[in-house]
Amino acid sequence: MDRIALISDVHGNLTALEAVLADISARGITRIFNLGDYVGKGPRGQAVVDRCREVCEVNILGNWDDLLPDPDRIDDREALRWWKNELREDQWAWLRALPFSHDFVMSGRQVRLFHASSKSVHHRILFDHDEPEYLSFFENTPATGDGPPPSVVGYADIHDAFLEEDRGRTLFNTGSVGNSLGDPTPIYVILEGVVDSAEPAPFSIQFVRVPYDAHAELAVARELGMPELDGYESELLHGNYRTTFYEGGTRQYHRGWL
């Protein structure tokens, strides 16, 4: 049986990334696919990008990876400038050139991975979606290309891990390594099966939570003078989305929470 680790939404949190990579290594897993959002929100996007380029076999585009280095970006608040300028210029180009999706076969199942939806990295579909949104994950679009339609789809973006099955299809969300909400413990996914085999074989999806020192990462952000530090603390320590925090609220049940 082959095993592939899926990570996503590291968001500049190098401490969380290293904890997850150590757990992946301890399990003897050598193949790592990254579903995007390497940068923004946290203090060490540059180091995260370099580390992921080193260890990840597959790297996919996320919405922050496309938006943050965009020279035509309209939103230009202080924190966005800080996160962009913390990166090197060569990383700006690498991020925006990442592929939209990645397809492969495992245990007779056609698997497709992308960041947010089959349409765009900027089209968000939450945990609490309707049937047309669910079915849209399994459609070919101009963004995904015209490959074989998937029966298994993994995505990221919402920082809210879950698994759903219906009509012979499986949809799952990887959650977030560096900015997990609800439960702030980093989470990643292990796929197990027979890679490149069109024949049916055992297949599994496992979610793994890995504790880490969030206070150490906050100390780095504080030392570097990162903006929105109080919002970052709300996310890392309490799993409370910073926009909700700044509005004076706390995270509620995840159906439609954004």
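User: What do the buried residues of α1 pack against?

Analyst: The buried residues of α1 pack against β1 (2-7), β2 (31-34), α2 (45-55), β9 (187-193), β10 (204-209) and α7 (214-224). Contact means heavy atoms within 4.5 Å. This is a predicted model, in which local features need pLDDT of at least 70 and side-chain atom pairs count only at pLDDT 80 or more. Residues are numbered from 1 along each chain, and side-chain values use heavy atoms, without hydrogens and water.

User: Which residues of α1 are called buried?

Analyst: They are L14, A16, L17, A19, V20, L21, D23 and I24. Buried denotes under 20% relative accessible area, with a 1.4 Å probe and protein chains only.

User: How do you know that the span of helix α1 agrees with its number of residues?

Analyst: The expected span is 1.5 Å times one less than the number of residues. For the 13 residues of α1 (residues 14-26) this gives 18 Å, and the end C-alpha atoms are 18 Å apart, so the two agree.

User: Why is α1 called roughly parallel to α2?

Analyst: The axes, lines fitted to C-alpha atoms over the stretch in contact, have angles from 0 to 180 degrees between N-to-C directions. Those of α1 and α2 come within 10 Å and cross at roughly 20°. Angles under 35 degrees count as roughly parallel, so α1 is roughly parallel to α2. The contact is made by L14, L17, E18 and L21 of α1 and A47, V48, R51, C52 and V55 of α2.

Technical notes. Helix = DSSP H or I, 4+ residues; strand = E, 2+ residues; numbered from the N terminus. Buried < 20%, exposed > 50% of the residue type's maximum accessible area, 1.4 Å probe, protein only. Parallel < 35°, antiparallel > 145°, perpendicular 65-115°, else oblique.
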